[in-house]
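Please open the structure in your viewer and keep the selection tool at hand.

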Amino acid sequence: MRNIVALGTVALLFLAGPTTSFPPQASAGSGQPPYRYRLRTVVLDAGHGGKDRGCAGVKAREADVALKIILALGRQIEENMPEVKVVYTRKTDVFVELADRAGIANKNNADLFISVHCNASSPAANGTEVWTMGPHKTDANLSVAKRENAVILQEDNYQERYNGFDPTSPQSHILFSLYQSAHIVNSIRFAQKVDRQFRTTVNRPSRGVKQAGFLVLWKSTMPSVLIESGFLTNRQEELYLNDKANQSYMASGIYRAFRDYKNELEANSGE
Ligand SMILES: [Zn+2]
């Protein structure tokens, strides 16, 4: 409990602190050359892996589908944007702890963190969701974060590593959701572009851009999104997501959102 209270204090400090604009704007007449932002490094995070298979359909497993979409996305960025460094939290079927995924992003001074997952619910549920860190508005949103955060139960010493976070407790999720507030504007900016691409060019049913407290986004110190690429518990969507061409379409939608986001931030940062 003590840890949760301490965490709440930190979260409130985050809220009370000055709003951060990113990229920072050069102040007029300062005599300094204007700051010119360049998006140099992106971290691509395939959810789950190794002993953690994630959710499942009849045949497809979340860990495999997420990895295939992430690898296709990485290839597209590497081929079209040689100036961007692509860092993967995993490129094979291995288990990576949630805190280490953010740690990889921070260590590489990444400009953007993209995590890809698959969803699970009743057989009728379908569609994409793009998530950023923020307080959940509905119990349904909380349940998605709870399912993704429950992975830490498979990690050693998770209570120490995650400041007493309890993946089954709504209170824990509310407190954690307040992190990342410095990057919320650009996280949502990118999330909206991904959602738009899914709807208009990839032609996927969309459930929209949403907020909840995802542990994998918690400690990353850059704009971060988590993409639920569809429901493996829906038979049609499982067949769609388990297809190589469709994985590539999904990746190209995320790629175009990434390209537009990069261009927009760089153009806005001045010459
Ligand atoms: Zn997942």
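Contact here means heavy atoms within 4.5 Å. Thr 221 is placed in the loop between H8 and S6; helices (H or I, at least four residues) and strands (E, at least two) are DSSP runs, numbered from the N terminus. At 51% relative accessibility, Thr 221 counts as exposed. Buried means under 20% relative accessible area, exposed over 50%, and partly exposed in between, with a 1.4 Å probe and protein chains only. Display the C-alpha atoms of Thr 221 and His 183: they are separated by 7.9 Å, although the residues are 38 apart along the chain.

The model is predicted: local features need pLDDT of at least 70, side-chain atom pairs count only at pLDDT 80 or more, and totals for chains, interfaces and linings use all residues. Residues are numbered from 1 along each chain as its sequence is written, and side-chain values use heavy atoms, with hydrogens and water left out.

Next, colour the chain by pLDDT, the predictor's confidence in each residue, from 0 to 100. The chain has a mean of 88, and 87% of its residues reach 70 or more. Select residues 1-21, where pLDDT stays under 50. Where pLDDT is low, the predicted coordinates should not be read in detail.

Glu 62 in helix H2 (residues 62-80) and His 117 in strand S3 (residues 112-119) link distant parts of the chain, 55 residues apart. Glu 62 counts as buried because its relative accessibility is 0%, and His 117 counts as buried at 5%.

Move to Ala 46 in strand S1. Is Ala 46 buried or exposed? At 0% relative accessibility, Ala 46 counts as buried. Among its contacts beyond four places in sequence are Ala 66, Leu 67 and Val 116.

Select Ile 77, Ile 114, Phe 190 and Ile 254. Of the 41 residues in the largest nonpolar core, these touch the most other members. Such a core is a set of buried Ala, Val, Leu, Ile, Met, Phe, Trp, Tyr and Cys residues joined through side-chain atoms within 4.5 Å. Apart from it lies another core, of 25 residues, including Val 87 and Phe 214.

Finally, select Trp 131 and Phe 214, an edge-to-face aromatic pair at 5.3 Å centre to centre, with 65 degrees between the planes. Rings of Phe, Tyr and Trp (its six-membered ring) pair if their centres lie within 6.5 Å; planes under 30 degrees apart count as stacked, over 60 as edge-to-face and the rest as tilted. Trp 131 lies in strand S4 (residues 128-133) and Phe 214 in the loop between strand S5 (206-212) and helix H8 (215-218), so the pair ties together parts that are 83 residues apart in sequence. Both residues, Trp 131 and Phe 214, are buried.
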